[in-house]
Amino acid sequence: MKYLFKFPDIGEGLTEGKIFKWYVEKGQDVKAGDPLVEMETDKVVADIPSPKSGTVIKTYGNIGDTVQVGSVIIELEIAGVDGEAAQAVAQEKPAGKTEHQVEEKNFGVVGTIESAGEGAYLPSSNEGLQSMPETGAPAPRKVLSTPVARAMAKDRGLDINQIKGTGPAGRVTKKDVEQHRGAGAIFAASHKAPLPDFHPTTLIEAVPLTQMRKTIAKNMLLSKQSTAHMSVMDEVEVGELVALRDKYKAKYAEQGIKLSYLPFIIRAAILSLKLHPVLNAELDMENEQIVYKKYYNIGIAVDTPEGLIVPVIKHAESKSVIELANELADLSARAQERKLTLEELRTGSFTITSYGSIGGYFGVPVINYPQVAILGIGRLSEKPIVRDGQIVIGKMLPISMSVDHRIVDGAEVARFMNDFLGFLKDPLTMFLE
Amino acid sequence: MFETYNPIDDKLYKVIDNAGKVVLKGWNNPLTDKELIQAYRDMLYERTADTMAVNFQRQGRMGTYPPNLGQEAIHIASAKVIAKDDWVVPAFRELGVYLAAGASLMEIFWYYKGNENASKFAGAPHLLPISVPIATQLLHASGLGFSLKYKKEKGVVFAYVGDGGTSEGDFHEALNFAAVWQAPVIFIIQNNQYAISMPVRQQTRSINMAVKGIAYGIPSVKADGNDFLAMYDVLSYAKKQASAGNGPFLVEALTFRRGAHTTSDDPTRYRTKEEENTWLTGDPLNRFKSFLNKKGLLKTLDDKSLEEEYKLKITKEFEAAEAAPEYKPDEVFATMFEQMPDELKRQKHAYESYLAGKERQK
């Protein structure tokens, strides 16, 4: 019988591990408990032993490869009686039993505010109860209220179940009824809006966040909460840059180098940053100072199936356009395979996102905090422009930029943009500087 | 007997050296040959079970587990001294003690597979649950000891803690309480040199752990925790004292955690191979084996075949734990309050949707 062994989480919440050493190979017999592979994880370097005795049919992954927790690492042929086969299948889906644990009849009870007659429990504060409607739990069946509030609501033709109670355990008080009336129909209507039903069998799907999505979410919110975002947009005619790139594209392609516009853009950005150092700085509020960076570590936003990754080209100022092109290719390829080291994601001083390669002209990029500026490159397209009184076809590149207005003034961004667009418009100046 | 082992002099009570030679002058062997052989078998059983537990964890068949490797002498000596009336208050690294108190290996595995129900230890009415919050269990031990005394019941309490636990306030409160009330509690500090990654020299400025007991007026002894015979002597003496109404006793058992803190820990990041090797020469099982060999007691005992026999037995226990029911998510919420508060209901609700979503994602 075939047995698939999946890489287990051996250290409380691991998501992946790296293959360090294989102890077995195809065709080899292994005994239960024998080491199969040595894995390096965030927490430990450990031998992974075989749960079964059998013969190795196939090993998955080479030394140095990253393996996701839960993915198959080895396939064994085990001499199986039926009982053993059943057990092996059960092993593969250990969590399968939990699915039907939610009992429908209990479900309606969850989130229901108990009436006073049903139980003596009153929380010391009503915090938990007040937050309940926001969680999307089913609407209360019957609310607690004082008799006078109930009578008042009845007199005024109000449904007491729609009134938010602020008394102990969410009890509706006289004051709540009065205030509810004052808030008017719009407020009441919003309360009647259907709440999402989190019943597991309906048409929504709750998908747990991946570690990466959690990190992205945290960083994005941190940036928006910690900075004063301001954006400017402009476009530039890059006919000369297109011609320059077209001229050398084939030549470098022969050497296996993909010459895109991005390395030119990086170079133009660095030259402009040198002229406007505050955009390559950081605000240190704790010590009330601006920290100017004498290095230009350029983060490049890379779209991957798991989400956005921003690897960093270190000391990009010391690299030629071709060197930048090579490094870009390498970083984005490894970003796709999630093979970047933590070090390659750190210490960026400025970020460029070229979303235009997918689509869109202008955008409001979110600053890669604690950096102070991010440059967004839109889609290059042909547009009619006016040159020397004539309408001609221009190759237009849209540029968007967000800065932290706390330390970067609008005028300074405009000056940066003028220089940056100037380099792109007349690319040879980049190489004269 | 232990009057000359004042912790202030930092004297170590030790019976045999690393080569298994008796080095304590005037020592009389208190155990029969049969008892000595059984103790060795028990140590080997604990070690085999413990090694296999780590192996099962690495196969993804068990949750986080704290290895006992290198501390078996303390456990099996305790096991030999603990009687039916006595109570056991564990920390979480005393496998051999739990087994002696009546827990089954199946329950231990079941517990580390995440089932809280395993802590009920059906066959061990005097064994408290494994305590992960450091040193909190010592307060329970002192309370338990006080209760035994108050109710004039038989038995003493064996309470365990690590070197790191001595820095917790609970440790000091428990010692003081037990001393003031002269409660029959034996505090056993397994000083295994590391509190996760924190070496003991950074844990305390005291010359040893035993002096901490002296401060509270508790007779205390520092003993070689890798020497089964030393541990047996000091624990039997402690029990005699506590049973006789002389109040608590503290034992510092000097040992070395040869394994990781838990299966989520990598000791190579904070200690050297040299240090590990130094302690390896004093491994409790090897030392005791050398002692028994000198007496010619192990002639008929074959470690290898014994281990094979144990492995089969242990595998059966593990398979029983795997076949046992899983912990239901609602049990996490159900057991704390008689009537579930709304906030907890909300959490339960959210967790159930989360699990259902996770399930569909597979």
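What percentage of the contacts in chain A with a separation of 6 or more is accounted for by residues 24 or more positions apart? In this predicted model, such residues account for 64% of those contacts. Chain A contains twelve helices and 19 strands, and 28% of its 433 residues count as buried.

In chain B, five strands form an open sheet in the order 1-2-3-7-6, with parallel pairing. Strand 1 (87-89) and strand 6 (220-224) of chain B stand at the edges; each has a single partner strand, so one side of each is left without a neighbour in the sheet. From one strand to the next, the twist averages 20°. Strand 2 (residues 157-162) and strand 3 (residues 185-191) of chain B run parallel and are joined by six bridges. Within this pair, B:G162 has B:Q190 of strand 3 as its bridge partner. Helix 9 (residues 228-243) of chain B packs on the sheet, where it touches strand 3, strand 6 and strand 7 (249-254) of chain B. The direction of helix 9 makes about 170° with that of strand 7 of chain B.

Helix 12 (residues 303-323) of chain B has 21 residues, which should span 30 Å at 1.5 Å a residue; the end C-alpha atoms are 30 Å apart, in agreement with this expectation. The buried residues of helix 12 of chain B are B:I314, B:F318 and B:A321. Seen down the helix axis, these residues fall within an arc of 45° and therefore line one face of the helix. They pack against helix 1 (33-58) and helix 4 (105-112) of chain B. The face of helix 12 turned away from the buried side carries the exposed residues B:S305, B:E308, B:L312, B:K316 and B:A323.

Note on methods
Residues are numbered from 1 along each chain as its sequence is written. Chains are lettered from A and ligands numbered from 1 in the order in which they are written. This is a predicted model: local features need pLDDT of at least 70, side-chain atom pairs count only at pLDDT 80 or more; totals for chains, interfaces and linings use all residues. Two strands pair if DSSP finds at least two bridges between them. Helices (H or I, at least four residues) and strands (E, at least two) are DSSP runs, numbered from the N terminus. Axes are lines fitted to C-alpha atoms, for helices over the stretch in contact, and angles run from 0 to 180 degrees between N-to-C directions. Two residues are in contact if their C-beta atoms, placed from the backbone, lie within 7 Å. A residue is buried if 20 or more other C-beta atoms lie within 10 Å of its own, exposed if 12 or fewer, and partly exposed in between; C-beta atoms are placed from the backbone. The expected span of a helix is 1.5 Å times one less than its number of residues. The arc is that of the directions from the helix axis to the C-beta atoms.
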